[in-house]
Amino acid sequence: SVLSTLLALFVFWRQRERTQQLSLLAEKSRNDEILNNFFNLPFVGMVIVSPQTRRFVRCNDQSGVLTGYTREELCALTFADVAHPDDYAQAIAQIMRITFGLTDGVSLELRLVRKDGSVIFVNCEIKGVRKPDGTLDYLLGTAQDITQRKMHDMAISVANNLLKAKQAELERQNDVLQQAQKELRSNTERHQAIIDSAHDALIST
């Protein structure tokens, strides 16, 4: 009786374990399908990055369009190879917040250096994907080209600065003109006083 009970429990445990494994496989399959759908989105560059080596593990077609590299070329590079040197340290500091579990994801703007040496601005969203034990499995990043918007903003900023400079110069010139007018009035009044004094002297003689 005890043996039968133990056998029944063992069979039940094995069935439950198999069911859990199938559920996990089904969930992984669904997640892979969702991830594949995301990777096929147009106009959005998407990469999977190893948190240890910071090498690109997987890239979609749009990430190649953004960087000018093929998928194969991009997967042979690291984040440092495409990030602008002046933006790299700041980006890594944000990514380390994910690594240390301080946040699940970050959003930042940075410049990328394309294969041909040209520079583009992108808006990046980086998420950390963790294993069941909580350790970081990989980084999932998306990027959208915002170069046109940034160039437009920069053009407006330059125009505003030029306008402010022109206004400051006009104000300076206006101050000079007012000072000159003030001195002219003072000189005119002084000359008029001399003339009046001379006229009074002539009359008195």
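These questions and answers walk through the fold, sheet, core and aromatic pair of a predicted model.

Residues are numbered from 1 along each chain as its sequence is written. In this predicted model local features need pLDDT of at least 70 and side-chain atom pairs count only at pLDDT 80 or more, while totals for chains, interfaces and linings use all residues; side-chain values use heavy atoms, with hydrogens and water left out.

User: In what order do the elements of the protein chain run from the N terminus on?
Analyst: Helices (H or I, at least four residues) and strands (E, at least two) are DSSP runs, numbered from the N terminus. The protein chain has six helices and five strands. Their order is α-β-β-α-α-α-α-β-β-β-α.

User: Which residue in E5 is the bridge partner of cysteine 124?
Analyst: E3 and E4 pair over nine bridges, in the antiparallel sense. There, leucine 108 stands opposite cysteine 124 of E4. E4 is also joined to E5 by nine bridges. In E5, the partner of cysteine 124 is alanine 143.

User: Which residue in the turn between E4 and E5 has a positive phi?
Analyst: The hairpin of E3 and E4 has five residues between the strands, and glycine 117 takes a positive phi near 95 degrees there. E4 and E5 also form a hairpin, with five residues between them. In that turn, a positive phi of about 95 degrees belongs to glycine 134.

User: Which residues have the most contacts inside the largest nonpolar core?
Analyst: A nonpolar core is a set of buried Ala, Val, Leu, Ile, Met, Phe, Trp, Tyr and Cys residues joined through side-chain atoms within 4.5 Å. This core has 26 residues. The residues with the most contacts inside it are Phe56 and Leu110.

User: Why does phenylalanine 79 count as buried?
Analyst: Buried means under 20% relative accessible area, exposed over 50%, partly exposed in between (1.4 Å probe, protein chains only). Tyrosine 88 is partly exposed, at 24%. Phenylalanine 79 counts as buried because its relative accessibility is 12%.

User: What kind of aromatic pair do phenylalanine 79 and tyrosine 88 form?
Analyst: Rings of Phe, Tyr and Trp (its six-membered ring) pair if their centres lie within 6.5 Å; planes under 30 degrees apart count as stacked, over 60 as edge-to-face and the rest as tilted. The structure holds one such pair. Its centres are 5.8 Å apart, with 35 degrees between the planes. The pair is tilted.

User: How far apart in space are arginine 111 and tyrosine 88, C-alpha to C-alpha?
Analyst: Arginine 111 lies in strand E3. Leaving aside neighbours within four places in sequence, its contacts include Asp86 and Asp87. Arginine 111 and tyrosine 88 are 23 residues apart in sequence. In space, the distance is 8.8 Å.

Technical notes. Contact = heavy atoms within 4.5 Å. Pairing = 2+ DSSP bridges.
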